[in-house]
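Trainee: I have a chain open on my screen and would like to go through it. Can you take me through it step by step?

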Amino acid sequence: MQYGVETMTKKTLLSALELKRLLIDIKDHEPNICVRFRLIGEMWQVFMMRIVTITENRVLVHDEISNKLISVDLNNVMQFEIDGRFRDIEPCYHYEVKPVF
């Protein structure tokens, strides 16, 4: 399944809904792949985190370094990356998320 990826001179853009579908697929099919986010107005999260669960607008991830659970509002994600290849999503590439207005 492709996630509606649009390429614009090497940048890749997904909607929050496409990101949610991607996270669900990763959790269901490749649970060893971790993710990190850059939220609106913030710097990148330092460590990759394992996906625990996904709800309507949030994802709960586990930071295994600090052993903390972190809840992320998918509408506040402006960029993300994963640490392993999953379908057409490359590891260590900063994908952008369309803002929700």
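Mentor: Helices (H or I, at least four residues) and strands (E, at least two) are DSSP runs, numbered from the N terminus. By that count the chain has 1 helix and 8 strands. The model is predicted, so local features need pLDDT of at least 70 and side-chain atom pairs count only at pLDDT 80 or more, while totals for chains, interfaces and linings use all residues. Residues are numbered from 1 along each chain as its sequence is written, and side-chain values use heavy atoms, with hydrogens and water left out.

Trainee: In what order do the elements run from the N terminus on?

Mentor: The order is β-β-α-β-β-β-β-β-β.

Trainee: What span should helix H1 have, at 1.5 Å a residue?

Mentor: Helix H1 covers residues 16–29, which is 14 residues, and should span 20 Å. The expected span is 1.5 Å times one less than the number of residues. The end C-alpha atoms of H1 are 20 Å apart, so the two values agree.

Trainee: Which residues of H1 are buried?

Mentor: Buried means under 20% relative accessible area, exposed over 50%, and partly exposed in between (1.4 Å probe, protein chains only). In H1 the buried residues are Ala 16, Glu 18, Leu 19, Lys 20, Leu 22, Leu 23, Asp 25 and Ile 26. Of the 101 residues of the chain, 39% count as buried.

Trainee: New topic. How many aromatic pairs does the structure hold?

Mentor: It holds 2. Rings of Phe, Tyr and Trp (its six-membered ring) pair if their centres lie within 6.5 Å; planes under 30 degrees apart count as stacked, over 60 as edge-to-face and the rest as tilted. The pair of Phe 80 and Tyr 95 is stacked, because the ring centres are 5.5 Å apart and the planes are at 20 degrees.

Trainee: Where in the chain are Phe 80 and Tyr 95?

Mentor: Phe 80 is in strand E7 (residues 77–82) and Tyr 95 in strand E8 (residues 95–97), 15 residues apart. Both Phe 80 and Tyr 95 are buried.

Trainee: And what kind of pair do Tyr 93 and Tyr 95 form?

Mentor: That pair is edge-to-face, at 4.7 Å centre to centre with 65 degrees between the planes. Ring pairs link Phe 80, Tyr 93 and Tyr 95 into a cluster.

Trainee: Why does Tyr 93 count as partly exposed?

Mentor: Because its relative accessibility is 22%. Tyr 95 has 3%, so Tyr 95 counts as buried.

Trainee: Last one: is Ile 65 buried or exposed?

Mentor: Ile 65 counts as exposed because its relative accessibility is 61%. Ile 65 is in the loop between strand E5 (58–63) and strand E6 (68–73).
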